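Grab a pencil and work through these exercises with the structure open beside you. Each one comes with a solution in steps.

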Amino acid sequence: MVRSSVLGFPRIGANREVKKAVESYWAGKISADELTKTASQVKIASWNAVKSQGVDLIPSGEFSLYDHVLDHSAAFNVIPNRYQGLGLSPLDVYFAMGRGRQADGVDVPACEMKKWFDSNYHFVVPEFSEQTDFKLNFNKALEEYEEAKAAGIVTRPVVLGPVSYLVLGKAAKDAKPGFQPISLLPKLLPLYHKLLSDLKAAGVESVQVDEPVLVLDSAASLEKEYTAAYTELAPVAPKIVLTTYFSRLDSNLNFVVKLPVYGLHIDLDRAPGQLQQVVDAVKNTNLVLSLGLVSGRNIWKTDFAAALNLAKVAVNALGNDRVIVATSSSLLHTPVTLASENKLTAEQKDWFSFATEKAHEVATIAAVLSDSQDAKVAAALEANKASIAARRAFEANSDDTVRKRVAAITPDQLERKSPFAVRKEIQAKHIQLPKFPTTTIGSFPQTKEIRLARAKLGKGELTTEQYEEFIKKEIETVVRSQEKIGLDLLVHGEPERNDMVQYFGEQLHGFVFTQNAWVQSYGSRYVRPPIIVSDVSRPGPMTVKWSSYAQSVTEKPMKGMLTGPVTILNWSFPRADVSRELQSKQLALALRDEVVDLEKAGIKAIQVDEPAIREGLPLRRADWDAYLKWAVDSFKLSTAGVSDTLQTHSHFCYSDFDDIFPSIQRLDADVISIEASKADMKLLNTFKHYGYSNQIGPGVYDIHSPRVPGAQEIKDRLKAMLDILPDSLLFVNPDCGLKTRGWKETEASLINLVEGAKWARENYA
């Protein structure tokens, strides 16, 4: 019998219960016990949802109040010294590590965040040194297994593997030069030994141990560590299903198949081409093969016929008992359920499958492979066949005008009229910014009043005219605040925007939108990605009206704000029937028209954000060049249609950019702003290594934390920057947009930022 498995489920709750409870706890409105109660209710609802779809192996242990990697750090006592001895409860220490804390005499910044491989999920980076004092503070996997069992549900615990946990971490500031976290593996393994042996003693049959770094090129050097780890752990653990996702194993498969584990999971959504190689490698072993046939990363209904064809390759070689049908990865990256979507058309709804529906898909595929005679399974198979046929018929339609325009793109459309050195002098006279110009990344606080007005507009309780008058007042408030603080290059604050991607998608042809398809980005920050369903084009201006209005109420220069083509693509659910390159270039042409219109309207600087350009980088280096070629070209296509007087900006955050910095340079933006403060300013070493000729604004403070940086803190960061960067190129700005922050902390932080810039002007004249 072929079994079915889900690798993880969204932990936000069907109605975002976790977000509401966590933020209520932070605000002091509910107790820790009340937060725990809500979390328990969401976990039990999730387990029941998966069970109700007929899935055999139900995940537990992967729920989190903030981040699953942070959960492991808290469990293993990987708590930096700055969070200890503050008189905080373990829960408050946990949240302080995730988001910082500035209250009751405690002032600590948050830990660094990074993107989880090539997804838009952010994890909290563990910090290690020779002094790391590993302890098993609690066994979360066991606690949740027992919790599920008490609710009448048998689950398969999920644990992040020891090698991946260490490799995903970084050397702490107190580590010696050259220290590598993986060197701590012998000290860490006893904790995993205890954790896993306790699971086995509790009656756990099998455990999912995630080792996602196995799909990276760098894992080739870790054979010794993997062998040592699993040779020690396998004898004391439940049956270990070693789990990989997001890419292919390639040559790492050679040592993986020798590890003494029960099973191996591979991702056949992102890397279907690896199937035959893996089947051949495991055929003469005892390994059970878990097939990631149902995508954990997109929302398209699975094509059962195609999935069954792949599965039969494994079943025919290994037999039913050695095959598991699974999601490709955790369903963390998908919305909870399609059932709550009431505004999609019947045709559109039939295209999609969210987490709950994907659980049903894996169960159905497994049942078909097991020769089920259940009439419901047969009916599901036929219904899927009809759905896929209808979608393919829709996909056959295309917008000839859009396709022809993409085909007609020429190399000269990717280049500005003059090189940066020439543009810089022209722009200096045109915009007239001071040395060390101050600016922000775009958004200002989205207050309750803004959200309420937007909701009233949607319900018809405000007319369009009333809503637009409200937005004008909000923009003027933002402009006056910036003028009072003393910022140099202003923004309009984006009060009219619900999301930096959704806002644009709603004004472009080719997108559809959901009501409740929320996905966790980090902590309590959830996003509702739009869905690209057909060719993309711009029917008319999207931002010109509000940027022009903002410029009309100030004498200072106003910066237009756009989201770049690669980020719109990566932060949407993209089409699966055409290439990402085609979709990106369609978006780029739409944005190119918007950039040109903004310049015609008198806007002197335009920021085209590309925070997801690094995120979209393939995990295997062999695939980098092709991606970077079309990704960089897409950005250049969107920004190169303007005169030399127009100053182009772009923004990047929360990824490792050092390995693609030459491509960042090739973007040829006049100014880039880039997250730096949360990453301990390590990006400065990248600038030192490569050099950078255009203007640049490394973030001087972290906006994902509510704490206010002191003026001296900002001055110290500017000094560190100026030890490496030419003073003629430096902009002064925060790490990211201010949408999630409150007004009080925003103004206090920006006042200190301006003070830092004034200090720099006085000391680096």
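## Exercise 1: a helix and its neighbours

The buried residues of helix 26 pack against helix 25 (683–690), strand 23 (695–698) and helix 27 (743–763); contact here means heavy atoms within 4.5 Å. This is a predicted model, where local features need pLDDT of at least 70, side-chain atom pairs count only at pLDDT 80 or more, and totals for chains, interfaces and linings use all residues. Residues are numbered from 1 along each chain as its sequence is written, and side-chain values use heavy atoms, with hydrogens and water left out.

**Task.** Find which residues of helix 26 are buried, and work out how they sit around the axis of helix 26.

**Solution.**
1. Helices are DSSP runs of H or I, at least four residues, numbered from the N terminus.
2. Buried means under 20% relative accessible area with a 1.4 Å probe, protein chains only. In helix 26 that picks out Ala711, Ile714, Lys715, Arg717, Leu718, Met721 and Leu722.
3. Looking down the axis, these buried residues fall within an arc of 160°, so they line one face of helix 26. The arc is taken from the directions from the helix axis to the C-beta atoms.
4. An α-helix has 3.6 residues a turn, so residues three or four places apart point the same way.

## Exercise 2: the length of the helix

**Task.** What should helix 26 span at 1.5 Å a residue?

**Solution.**
1. The expected span is 1.5 Å times one less than the number of residues.
2. Helix 26 (residues 711–722) has 12 residues, so it should span 16 Å.
3. Its end C-alpha atoms are 16 Å apart, which agrees.

Terms used. Helix = DSSP H or I, 4+ residues; strand = E, 2+ residues; numbered from the N terminus. Buried < 20%, exposed > 50% of the residue type's maximum accessible area, 1.4 Å probe, protein only.
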